[in-house]
Amino acid sequence: MATGFRIRDGGITGPQETRASFTNYAWSIVKDRITLAAVVFLALLCVFSVGAEILAPYPPTGLNLSDRMLPPGATGTKGSFYVLGTDELGRDLFSRLIYGARVSVSVGVLGAVVSCVLGVVAGLTAGYFGGLYEDIIMRFVDGMLSLPSLLVALFVLFVIGGGYVNLILVFSVLHWMVFCRLSRGLALGARTATYVQAARTLGASRLRIVFRHILPNVMAPIIVLFTLEIAILILSEASLSFLGFGVQPPDPSWGLMIADGREHIRSAWWLVTFPGLAIFLTALSLNLVANWVRAVTDPVQRWRWLKGT
């Protein structure tokens with residue numbers, strides 16, 4: 001373990017910084033109960049999303065009008081037990097919530113992955129190469145960022161139609177610019193770094209310098225933005241599905257479930273409460289994890305999180 005401050009290309013490291021292993025990071029999560037709760041919730045969400053067919057007690061689109069609008073914990077016909085109640089068509093709310101998690105989370109993750117790849121490639125190359133290439137990309141990014149993304153998404157989905165695949169495509173096209181702008185700024189700062197100059201002196205190609213040397217050294221803020229972008233896309237998907245331009249029925253989605261239950265909010269509060277709570281907890285957990293990632297990757301602050309591990 002190093003003592004005292006040391007100067008690196010990434011900045012000034014803390015007095016107790018160590019080369020942290022997976023165990024160090026895992027233990028830092030365990031010590032912080034709030035971050036641990038967020039990680040556990042997201043892990044359970046992933047488990048339920050992947051194993052929806054096994055964990056869901058009933059089909060998400062199965063109709064049973066004799067059991068419609070039952071409250072949480074109610075027992076229906078033929079001994080059916082509904083943990084979170086049923087909706088206006090007698091569908092099990094818990095099963096629809098699980099399948100809706102698969103749709104909402106996968107849209108957020110896939111949309112963020114595609115946006116991240118496109119934006120990082122465009123931003124790093126623009127920041128390092130410069131010149132006319134950078135001017136063209138950044139002026140296009142500035143123009144796109146000046147548009148309200150949700151309204152543009154509404155217009156595009158109105159033209160091409162809603163649906164799972166169309167949502168991912170629209171999110172990817174409208175959200176890669178934030179990654180591009182961040183990556184371009186990071187590349188500008190790293191272009192004159194010592195390790196980049198050394199690689200250039202040794203004859204490394206420009207693409208190798210960008211993706212082999214610069215990218216690993218600027219990954220920390222990109223990971224933070226990626227985590228936050230997942231939460232933003234989940235909220236955007238819920239908003240679009242609520243307005244009828246996202247996932248189409250009978251496929252379950254958290255936003256669509258809220259839209260279906262808003263007409264019965266006074267007589268059946270559970271129809272809106274549980275999907276709304278799922279959206280809130282997912283977005284909150286992702287923000288807490290992003291805050292942890294930012295702290296443990298900050299050269300100045302990370303020693304506070306990793307000390308004693």
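This is a predicted model: local features need pLDDT of at least 70, side-chain atom pairs count only at pLDDT 80 or more; totals for chains, interfaces and linings use all residues.
**Exercise 1. Summarise the chain as a whole: how many helices and strands does it have, and what percentage of its residues is buried?**

Solution. Begin with the secondary structure, which comes to 13 helices and 4 strands. Of the 309 residues, 45% are buried, where buried means under 20% relative accessible area, exposed over 50%, and partly exposed in between (1.4 Å probe, protein chains only). Then take the contacts (heavy atoms within 4.5 Å): among those between residues at least 6 apart in sequence, 68% join residues at least 24 apart.

**Exercise 2. Describe the surroundings of tyrosine 82.**

Solution. Tyrosine 82 lies in strand β4 (residues 81-82). With a relative accessible area of 3%, tyrosine 82 counts as buried. Leaving aside neighbours within four places in sequence, its contacts include Tyr58, Asn64, Leu70 and Asp92. Asp67 is also in contact with tyrosine 82, and the two side chains make a polar contact (2.8 Å). A polar contact is a pair of N or O atoms within 3.5 Å; within protein, one must be able to donate a hydrogen and the other to accept it, and residues adjacent in sequence count only if both atoms are side-chain atoms. Finally, the C-alpha atoms of tyrosine 82 and phenylalanine 94, 12 residues apart along the chain, are separated by 7.4 Å.

**Exercise 3. State whether serine 106 is buried or exposed, and name its polar partner.**

Solution. Serine 106 lies in helix α4. Its relative accessible area is 19%, and therefore serine 106 is buried. Not counting residues up to four places away in sequence, serine 106 touches Ala101, Gly111 and Tyr164. With tyrosine 164, its side chain makes a side-chain polar contact of 2.8 Å.

**Exercise 4. Characterise the lining of the second largest pocket.**

Solution. A pocket is an open set of points on a 1 Å grid over the protein atoms alone, with protein on both sides within 12 Å along at least five of seven lines, and lining residues have an atom within 4 Å of a point. Grid points are joined across faces, edges and corners, and a volume is the space filled by probe spheres set on the points. The second largest pocket holds about 290 Å³ of space. Its lining has 14 residues, with Phe41, Leu45, Phe94, Leu97 and Ala278 nearest its centre. The elements that give two or more residues to this lining are α2 (33-50), α4 and α12 (270-297). By class, the lining has 14 nonpolar, no polar and no charged residues; Ala, Val, Leu, Ile, Met, Phe, Trp, Tyr, Cys and Pro count as nonpolar, Asp, Glu, Lys and Arg as charged, and the others, Gly among them, as polar.

Terms used
Residues are numbered from 1 along each chain as its sequence is written. Side-chain values use heavy atoms; hydrogens and water are left out. On a 1 Å grid over the protein atoms alone, a cavity is a set of points where a 1.4 Å probe fits but cannot get out, and a pocket is an open set with protein on both sides within 12 Å along at least five of seven lines; lining residues have an atom within 4 Å of a point.
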